Amino acid sequence: MSEGAYKPGLEGVPATRSNISFIDGNQGILEYRGIGIEQLTAHSTFIETAYLLIFGALPTASELKEFDETIRIHRRVKYRIRDMIKCFPESGHPMDALQTCVAGLGLFYPISDFNDDYVHGTVVRLLAKFPTLVAAFHQMRQGNDPIDPRDDLDHASNFLYMMTGRVPKPWEARIFDVCLILHAEHTVNASTFSTLVTSSTLADPYTAIAAAVGTLSGSLHGGANEQVMQMLRKIGTVANARPYVEESLARKERIMGVGHRVYKIKDPRAEVLHKLAEDLFDRLGHDKTYDIAIEVEAVCEELLGAKGIYPNVDFYSGLVYTKLGIPEDVFTPVFAIARVAGWLAHWREQLSNNRLFRPTQEYTGERNVDYVPLSERGE
Ligand code: ACO
């Protein structure tokens with residue numbers, strides 16, 4: 001590779017060959033294993049989609065039944081992990097709690113070798129336990145005992161139940177499940193790249209996934225939907241939406257939840273989420289935050305559409321999660337509950353053709369510098 005090839009942030013540099021997901025940012029296409037997310041969100045479930053992503057094909061009815069049942073019985077976490085969570089500070093961020101727990105799981109499931117049983121067991125455990133860990137920390141930081149998972153509830157219902165203590169209505173659970181499908185995978189972004197780099201050292205998968213959770217926690221990656229909610233609250237009224245957007249743009253500030261490095265039209269995930277939010281607010285009653293969001297989208301389309309800046313996945317997800325009773329600092333952990341499917345798919349793909357990541361650098365420092373003894377250095 002030539003010395004001049006350095007690209008900050010590796011923008012546009014292929015880091016791997018993958019057949020897991022496909023994006024076309026100009027046409028607004030996102031496919032998992034070739035299937036458009038519109039079809040998956042209309043017909044599939046998160047558990048079936050996770051199977052598709054991780055194992056490469058839609059499961060048969062018996063494969064899906066077995067996968068789903070195995071995940072249900074692996075939801076519980078060991079009492080020592082619960083004891084560990086009890087020691088976390090209540091004010092700690094739920095993403096830090098999740099990352100610590102995931103790394104901690106590695107202590108209990110040491111690597112034997114990467115045979116099919118180990119890989120399958122890891123996939124099941126991580127998909128099953130992520131929601132339990134997130135909900136357990138959320139309950140314990142409020143001084144409550146964690147709510148035990150219920151085997152009779154599907155993945156989405158069980159998580160919402162552990163978070164709120166209330167079994168959600170089937171349509172609420174379905175909306176949440178669709179959100180999980182939409183967040184399950186998105187090619188090689190920063191957290192997935194972390195998974196690849198750590199997996200390539202043949203570190204255990206809990207370490208690789210804990211690295212991905214840490215990477216997702218940063219505000220440039222997983223945190224924009226929290227900022228959208230803050231922005232909508234700050235705008236305060238529908239009438240204030242236009243002046244807020246105009247004044248922010250005049251000050252060269254960003255409008256949260258719009259724009260995307262890849263999508264130059266409305267993010268296909270935002271299209272689906274917009275309809276979900278509409279359905280949810282129609283059923284549970286409109287509030288002004290939703291109406292403000294609709295107005296902000298209209299004003300942004302008018303003022304920023306020509307630049308290819310449209311709502312991204314984060315524009316509507318915060319509204320949906322808030323209405324479902326999920327607190328703002330749990331939005332990113334919810335993202336992780338979904339994205340662990342994509343990370344696991346990339347972990348398997350990396351192992352199938354592994355080569356240690358070892359990029360190079362352009363050295364910009366001095367050379368041949370003499371060591372100066374401490375006594376001769378001055379203050
Ligand atoms: N509001 C206002 N203007 C914007 C926005 C925005 N949200 N996004 C981009 N622009 C403008 C820039 O000011 C710039 O204008 P200029 O050419 O006149 O200087 C132009 O669009 C290009 O901006 P870049 O920064 O080069 O675009 P990039 O592709 O790097 O931006 C990003 C992508 C970082 C997501 C950006 O759109 C942004 O900051 N959005 C708000 C934060 C957000 O919603 N993030 C979530 C992304 S989705 C996800 O991570 C799951």
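Colleague: What volume does the largest pocket have?

Modeller: In this predicted model, the largest pocket has a volume of about 1900 Å³.

Colleague: OK, and which residues are closest to its centre?

Modeller: Those would be N189, L220, H260, R261 and V262. They belong to a lining of 47 residues.

Colleague: Which elements give two or more residues to that lining?

Modeller: Strand 1 (21-24) does, along with helix 9 (190-200), helix 11 (224-235), helix 15 (313-323) and helix 16 (331-352).

Colleague: Which helix gives the most?

Modeller: Helix 16, with 3 residues.

Colleague: And how does the lining divide into nonpolar, polar and charged?

Modeller: For the largest pocket you get 19 nonpolar residues, 16 polar and 12 charged.

Colleague: Where does the largest pocket lie relative to the domains?

Modeller: It lies between domain 1 (19-218 + 328-352) and domain 2 (224-323), because both of them give residues to its lining.

Colleague: Let's switch to the ligand. Which residues come nearest?

Modeller: R254, I255, G257, V258 and K307, out of 18 residues around the ligand.

Colleague: What does K307 do there at the atom level?

Modeller: An N or O atom in the K307 side chain is 2.8 Å from an oxygen atom of the ligand.

Colleague: And G257, is that backbone or side chain?

Modeller: Backbone. One of the backbone N or O atoms of G257 sits 2.9 Å from a ligand oxygen atom.

Colleague: Which kind of ligand atom does the V258 backbone lie 2.9 Å from?

Modeller: A nitrogen atom: the distance of 2.9 Å runs from there to a backbone N or O atom of V258.

Colleague: Now the cavities. How many are there of 30 Å³ or more?

Modeller: The count comes to 2.

Colleague: Which residues line the largest cavity?

Modeller: L160, T164, R166, P168, E172 and L324. By class, that lining has 3 nonpolar residues, 1 polar and 2 charged.

Colleague: And what lines the second largest cavity?

Modeller: V77, R82, T132, A136, P146, I147, D148 and P149 do. They divide into 5 nonpolar, 1 polar and 2 charged.

Colleague: How many bridges join strand 1 and strand 2?

Modeller: There are 4 bridges between strand 1 and strand 2 (residues 29-32), in the antiparallel sense.

Colleague: Which residue of strand 2 stands opposite I23, then?

Modeller: L30 stands opposite I23. As for S21, its bridge partner in strand 2 is Y32.

Colleague: What's going on in the turn between strand 1 and strand 2?

Modeller: Strand 1 and strand 2 form a hairpin, with 4 residues between them. G28 is in that turn and has a positive phi of about 70 degrees.

Colleague: And where else did strand 1 come up?

Modeller: In the lining of the largest pocket, where strand 1 is among the elements that give two or more residues.

Terms used
Residues numbered from 1 in each chain as written. Predicted model: local features only at pLDDT ≥ 70, side-chain atom pairs only at ≥ 80, totals over all residues. Heavy atoms only, no water. 1 Å grid on protein atoms, 1.4 Å probe; cavity = no way out; pocket = protein on both sides within 12 Å on 5 of 7 lines; lining within 4 Å. Points joined across faces, edges and corners; volume = space filled by probe spheres on them. Nonpolar A, V, L, I, M, F, W, Y, C, P; charged D, E, K, R; others polar. Domains from an automatic or database assignment. Pairing = 2+ DSSP bridges. Near = heavy atom within 4 Å. Polar contact = N/O pair within 3.5 Å; in protein donor to acceptor, adjacent residues only side chain to side chain.
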